[in-house]
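Please look over the sequence and the three-dimensional structure before reading on. The paragraphs below are meant to be read with both in view.

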Amino acid sequence: MASLDRNLRRDLESAVKKARRVAEAGARQSIEQLAVHHHEPWSALTTDQRKLRNRLRAHGRQLGDRLDERKGTQPIDRLVGECAYEHWHRLLFARFLAENDLLVEPQSGMAISLDECRELARERGLDWLVLASDFAQRMLPQIFRAGDPVLEVSLPPEKRQELESILEALPRDVFTADDSLGWVYQFWQADQKDAVNKSAKKIGADELPAVTQLFTEDYMVLFLLHNTLGAWWAGKVLAARPDLARTAQSEQDLRAACALPGVDWTYLRFTRENETWRPDAGAFAEWPRSAKDITLLDPCMGSGHFLAFALRILAAMRTVEDGLSASESVDAVLRDSLFGLELDARCTQIAAFNL
């Protein structure tokens with residue numbers, strides 16, 4: 001698995017922080033032009049714009065922007081944040097899909113490459129990111145929900161172009177690293193987290209998501225998974241091959257003997273007692289006997305980093321134990337084994353996309 005290079009991580013951090021500032025400025029400008037904050041619509045608004053204004057006000061109240069019943073005014077801070085987040089991440093997810101050859105052209109239902117997307121955009125007289133983000137929205141209806149009013153807000157052209165420029169300036173390697181998505185939301189929250197910490201104010205519901213975002217790096221995730229799921233698997237292998245527990249010359253030999261397709265157990269540790277090897281963390285004999293019966297719950301799911309890494313491991317186990325194809329194994333694990341809890345709804349979007 002390829003982790004994000006430190007220099008690229010800094011580039012991504014700078015890009016995401018800048019994108020949030022640009023997107024929020026653009027969202028505020030557009031939402032104010034629709035008089036969402038005002039006690040009545042501007043006289044120049046069209047019928048469609050007035051309808052969108054009403055929907056945005058209702059959505060803002062759902063987010064926590066409280067209507068002043070006496071004055072008729074309504075703050076828009078939460079609505080602005082939601083609008084900025086959705087517009088930037090629709091572009092960002094489109095680039096992730098395109099760079100990993102997962103972007104699907106909706107009419108044909110076929111995956112298209114980044115070059116093909118650019119060519120298609122030229123034929124239609126569109127910017128490729130505009131086209132790709134439209135495809136991404138159609139592909140991910142549970143993330144970019146149909147009828148979501150914030151996605152119907154048109155950002156000012158100059159802000160949209162600035163967001164596109166920020167995104168295009170990032171090199172391809174940013175979007176093919178395994179941990180990039182995990183860093184994205186921490187960077188999105190970074191400035192707010194710093195502001196909350198410097199304020200020394202009591203942390204409430206509004207501040208909690210920002211101050212609790214802490215991305216767990218790949219090696220930490222893999223160490224924990226390798227010495228739980230991996231130790232359980234190794235225990236099964238050694239139980240089936242007791243001679244291996246006695247004759248293996250090193251931990252590396254044991255890791256190789258217990259390897260799964262695409263899983264090398266780099267961080268799995270063994271210990272030797274009475275001339276016999278065993279997993280250092282134990283074999284978890286109280287666990288289910290088959291991978292199909294294992295369930296994993298991440299109670300602080302965040303961007304789904306643990307779940308995404310566990311998906312590969314559990315899918316490889318299902319392939320070996322149940323003779324399933326790779327795609328069948330992935331479907332089975334997503335259906336039966338992986339669960340997550342998260343207090344920030346935006347993180348659940350990223351986790352779903354990550355998986």
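This is a predicted model: local features need pLDDT of at least 70, side-chain atom pairs count only at pLDDT 80 or more; totals for chains, interfaces and linings use all residues.

Residues are numbered from 1 along each chain as its sequence is written, and side-chain values use heavy atoms, with hydrogens and water left out.

The secondary structure of the protein chain comprises 16 helices and six strands, where helices (H or I, at least four residues) and strands (E, at least two) are DSSP runs numbered from the N terminus. Along its principal axes, the C-alpha trace spans about 85 × 55 × 35 Å. Of the 355 residues in the chain, 46% count as buried, with buried meaning under 20% relative accessible area, exposed over 50% and partly exposed in between (1.4 Å probe, protein chains only). Among contacts between residues at least 6 apart in sequence, 70% join residues at least 24 apart, a contact being heavy atoms within 4.5 Å.

With 17 residues, helix 2 reaches 25 Å from its first C-alpha to its last, close to the 24 Å expected at 1.5 Å a residue, the expected span being 1.5 Å times one less than the number of residues. L52, R53, L56, R57, H59 and G60 are buried in helix 2, and the buried residues of this helix pack against helix 3. Just after helix 2, G64 takes a positive phi of about 120°.

Two packed helices are described by the angle between their axes and the distance between the axes. Helix 2 (residues 47-63) and helix 3 (residues 77-99) pack at about 100°, with their axes 8 Å apart; axes are lines fitted to C-alpha atoms, for helices over the stretch in contact, and angles run from 0 to 180 degrees between N-to-C directions. These two helices are therefore roughly perpendicular to each other, since angles of 65 to 115 degrees count as roughly perpendicular, under 35 as roughly parallel, over 145 as roughly antiparallel and the rest as oblique. In this contact L56, H59, G60 and L63 of helix 2 meet R78, L79 and E82 of helix 3.

Helix 3 also packs with helix 16 (residues 345-354), where the axes come within 12 Å and cross at roughly 10°, so helix 3 and helix 16 are roughly parallel to each other. Here G81, E82, Y85, E86, H89, F93, F96 and L97 in helix 3 meet R346, Q349, I350 and F353 in helix 16.

The structure holds zero disulfides, a disulfide being a pair of cysteine sulfur atoms within 2.5 Å. For C83, which is in no disulfide, the nearest cysteine sulfur is that of C347, 19 Å away, and C83 is buried, with a relative accessible area of 0%. C300 is likewise in no disulfide, with the sulfur of C347 the nearest at 11 Å, but C300 counts as exposed at 62% relative accessibility.

Two further residues show sequence separation alongside spatial distance. R138 lies in helix 5 (residues 128-139) and is exposed, with a relative accessible area of 54%; R138 and V104 are 34 residues apart in sequence and 9.1 Å apart in space, C-alpha to C-alpha. D243, in helix 12 (residues 242-247), is partly exposed at 38%, and D243 and T276 are 33 residues apart in sequence and 9.2 Å apart in space, C-alpha to C-alpha.
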